[in-house]
Amino acid sequence: MRLPNLFLRLASTSLTKRLLGYALLLAASFLVLLGVLSLVFPLRADVPFSSIILARDGSVVQAFLAKDDKWRMKTELAEISPTLRRAIIAKEDRFFYWHFGVNPAAIVRALANNLLKRKTTSGASTLTMQVARMLENQRIGRNRERTVWNKCVELFRAFQLEGSYSKDEILQWYLNLAPYGGNIEGVKAASLLYFGTLPEKLSLAEATTLAIIPNRPTSLKLDEANAGMVRQERDKWLARFGAMREFPTETLQDALREPVQLRRQEIPNLAPHFGSRMKSAFADAPILRTTLDVRKQQSVQTIAGNVVRRLQMYGINNAAVLVVNNRTREVEAYLGSPNFADKTNAGEVDGVRAVRSPGSALKPLVYGLAMDKGLITPSTILTDVPSDFDGYAPENFDRQYRGFISAERALINSLNIPAVKLLRGVGVAAFTEAMQKAGFEQVRKDARKLGLSSVLGGCGVRLEEMAGLYAAFANEGTWKPLQFLCAEPSSKMSENIFEQIWQSTSAFFWRIFSIKTSSDQSPQTQILSRSATFMLGEILTQLTRPDVPHKFSNTQRLPKIAWKTGTSYGRRDAWSIGYNKRYTVAVWVGNFSGVGVPELVGADVATPLLFDIFNAIDYNSPNDWFQPPPELDFRLVCSESGFIPQDFCTNQISEYYIPRISSNQKCQHAKEVFVSADERVSYCTECLPQTGYKTKLYPNFPPEILSLYAAQNQVFERIPEHNPKCSRAFQGTAPVITSLSDGKEYICDKPTVISNNTSNEGGLMLTCSVANDVRTVYWFVNDKFYRTATPHERLFFVPERGVNKISCSDDKGRNTNIWIQVQWQ
């Protein structure tokens with residue numbers, strides 16, 4: 001009890017009290033002075049980092065130099081493994097977690113050694129002081145000289161660091177700024193460039209190697225020539241670690257046996273187009289963890305590269321592919337072009353974002369909208385005949401016409417005429433509105449200029465937009481934006497000022513880029529109904545179609561997918577886009593130069609690539625397919641028309657339809673006619689004799705089908721000529737003038753003499769479509785009789801300059817008039 005009593009008595013003396021007071025006053029003055037100096041000379045930690053693009057599993061997809069042209073990759077706290085942490089601290093500052101930025105004992109020791117030897121033999125810099133020095137060097141852009149004044153600045157900055165950051169954050173700064181020779185700074189850059197791995201995966205030998213370099217980045221340069229010297233220094237420190245008992249003996253022995261391999265490796269460049277896009281969108285983000293799947297990306301890269309190499313013999317040099325996870329809408333593979341370095345063929349162009357013509361790839365959307373509007377069901381019979389839509393006369397790809405064809409067959413055969421007719425029924429405005437809802441940016445810009453040709457490729461789209469649309473088909477018609485990043489930046493703000501700046505900046509860019517982590521938070525739009533998308537899927541999975549690649553037609557390697565092809569005008573773009581329950585894959589093949597190639601057809605060059613990719617990424621997928629929604633139902637329809645059957649409909653089939661939406665129209669594919677016993681004369685109710693007649697069913701063909709059959713010389717059963725003694729005025733379908741469009745302007749060669757002649761030199765053609773019972777038509781020009789003709793005969797006339805009235809009457813007294821404007825040249 002004597003010693004404690006002695007200390008109490010000493011502490012109670014006035015001298016001791018004064019000494020304690022002076023010490024407290026000195027400490028308070030120091031803190032006030034430090035605070036004032038910190039306000040005048042604030043700590044600046046605005047260090048530019050390299051941008052690193054990571055795949056979902058954390059592997060590096062691509063990296064970019066920092067703004068100062070250095071490889072300085074940000075090391076996160078989670079990436080600092082216990083092995084790396086212990087090796088760095090044991091090597092640089094064993095008392096790092098015990099001092100407040102300055103180690104007084106180390107200063108005294110260094111001062112004594114330097115005075116005794118009369119030269120600088122050892123330093124007293126703590127790890128915090130080294131960070132302070134590196135931040136100052138970074139701020140002024142050069143290495144500061146080792147002077148007493150600069151050492152004082154280091155001490156001041158070290159105190160600032162300790163007051164602003166936690167110990168782990170200071171260690172993180174050291175690992176981010178440590179020099180490794182040349183333009184390499186930071187452990188992550190050195191680890192990736194020399195060991196091909198990330199810091200958390202470093203072995204003890206590798207961690208020790210990186211721990212010894214920052215103090216001697218020049219003499220211990222990491223290259224093959226210095227391998228012996230580096231290993232000698234590494235082994236020396238491994239032995240010291242053993243003496244300090246930092247690591248188990250067995251681990252140290254393994255590290256000593258590990259060879260030193262110091263060959264600088266190339267920065268990963270797995271998805272250059274994708275990486276450049278992420279870098280551009282998130283310029284200030286040092287680390288971006290994306291949704292890319294490394295295995296799928298490598299598979300797509302290899303398959304597409306092989307396909308393009310084979311196609312180059314035909315003059316086809318580019319391709320682009322996008323793979324989307326349907327459940328999350330995450331992009332798992334992104335190929336802008338197979339060879340980014342191919343400058344001859346513009347390989348640096350990103351085909352995923354390039355605006356191209358979609359060809360027929362948009363037709364499923366039109367068919368889906370027509371289903372939701374009640375215009376068609378899969379079995380509805382459409383007409384595929386030569387047609388003129390106010391001067392726009394599209395043709396089918398093969399320049400053939402099928403006449404009657406069901407909607408599902410028209411879609412899988414990719415016929416142009418039925419698609420344009422459906423678009424006219426749906427409305428161009430409704431079609432472009434649906435595309436705008438699905439994120440088609442170029443369509444939004446050009447919406448007022450688009451017309452019926454847009455369904456055949458007369459609009460600009462991007463591959464990613466097409467992938468998003470088909471992913472909506474795979475999700476019951478619900479569209480959501482594609483996602484490129486794995487997780488949204490955390491809302492919890494770090495105490496680190498630099499971290500706060502980065503979090504705020506990345507959150508801002510995240511919002512403007514419209515990429516969300518949770519699919520529930522993503523904006524979504526209903527493009528088509530669940531029923532329409534299910535029926536579309538059933539149609540697009542059919543295998544009896546012309547666009548099945550030959551090598552897949554008789555093989556089990558044919559994946560179960562719904563897909564559609566497209567070929568743009570001039571054969572400049574070949575598309576094939578498909579989906580199943582799990583993935584949507586969009587493929588474009590062509591030339592970025594826009595040069596067309598005869599072999600550039602979607603079914604021939606894009607679909608084989610699509611199938612190969614599906615087989616590579618989802619070959620053993622479960623046999624799981626889409627189920628019909630509860631609101632969809634079955635019904636019987638007439639196979640001749642696709643409408644509700646009547647008594648004369650002998651061929652009936654079952655089909656899906658949408659109750660209260662799909663049409664309930666009765667079938668009219670045939671009609672009952674009163675004819676004479678010898679079937680040479682037909683009667684109406686006004687002229688029907690009392691005896692000597694019978695009833696017979698005749699095909700009720702529309703005029704456009706009759707015109708097609710006449711042009712193709714097809715034989716069909718005509719309704720007999722009507723009773724010539726009948727005086728009834730007939731109602732029904734008047735002739736339709738098909739060669740000219742009402743209200744349009746035509747330019748003709750100026751004639752030498754204006755007269756009614758039948759020459760086709762510089763004249764306009766007259767053709768029409770009529771009902772089945774018409775035998776003769778009468779043409780009038782400007783109310784003057786011109787010619788008598790058979791219904792499908794072609795006539796030519798020379799019009800007058802200005803407004804011309806064209807009239808066509810049939811032998812039943814039905815008449816059609818149109819007016820055209822004529823200019824001479």
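Trainee: How many residues does the largest nonpolar core have?
Mentor: Bear in mind that this is a predicted model, where local features need pLDDT of at least 70, side-chain atom pairs count only at pLDDT 80 or more, and totals for chains, interfaces and linings use all residues. Residues are numbered from 1 along each chain as its sequence is written, and side-chain values use heavy atoms, leaving out hydrogens and water. A nonpolar core is a set of buried Ala, Val, Leu, Ile, Met, Phe, Trp, Tyr and Cys residues joined through side-chain atoms within 4.5 Å. Leu322, Leu362, Leu365, Tyr367, Met435, Phe440 and Met466 have the most contacts inside the largest one, and its residue count is 88.

Trainee: What residues is Leu365 in contact with, leaving aside neighbours within four places in sequence?
Mentor: Contact means heavy atoms within 4.5 Å. With those neighbours set aside, the list for Leu365 is Phe431, Ala434, Met435, Leu469, Phe473, Ile527 and Leu528.

Trainee: How many residues are in the second, separate core?
Mentor: Look for Val47, Ala190, Phe247 and Leu262, which are among its members. The residue count of this second core is 62.

Trainee: Is Asn416 buried or exposed?
Mentor: Find Asn416 in helix α16, residues 416-426. Buried means under 20% relative accessible area, exposed over 50%, and partly exposed in between, using a 1.4 Å probe and protein chains only. Asn416 has a relative accessible area of 10%, so it counts as buried.

Trainee: Which side chain does Asn416 join in a polar contact?
Mentor: A polar contact is a pair of N or O atoms within 3.5 Å; within protein, one must be able to donate a hydrogen and the other to accept it, and residues adjacent in sequence count only if both atoms are side-chain atoms. Not counting residues up to four places away in sequence, Asn416 touches Ser360, Glu395 and Leu456, among others. The polar contact, at 2.7 Å, is with the side chain of Lys363.

Trainee: What is the relative accessible area of Ser576?
Mentor: Ser576 is in strand β13, residues 573-579, and a polar contact of 2.9 Å joins its side chain to that of Thr607. Among the residues Ser576 touches are Trp563, Val587 and Leu610. Ser576 counts as buried because its relative accessible area is 0%.

Trainee: Why is one side of β2 and of β5 left without a neighbour in the sheet?
Mentor: Two strands pair if DSSP finds at least two bridges between them. This open sheet has three strands in the order β2-β1-β5, with mixed pairing. β2 (60-64) and β5 (287-289) stand at the edges, so each has a single partner strand.

Trainee: Which residue in the turn between β17 and β18 has a positive phi?
Mentor: β17 (residues 670-676) also pairs antiparallel with β19 (residues 693-699) over seven bridges. Two bridges join β17 to β18 (residues 681-683), again in the antiparallel sense. The β17 and β18 hairpin has four residues between its strands, and the one with a positive phi, about 60°, is Glu679.
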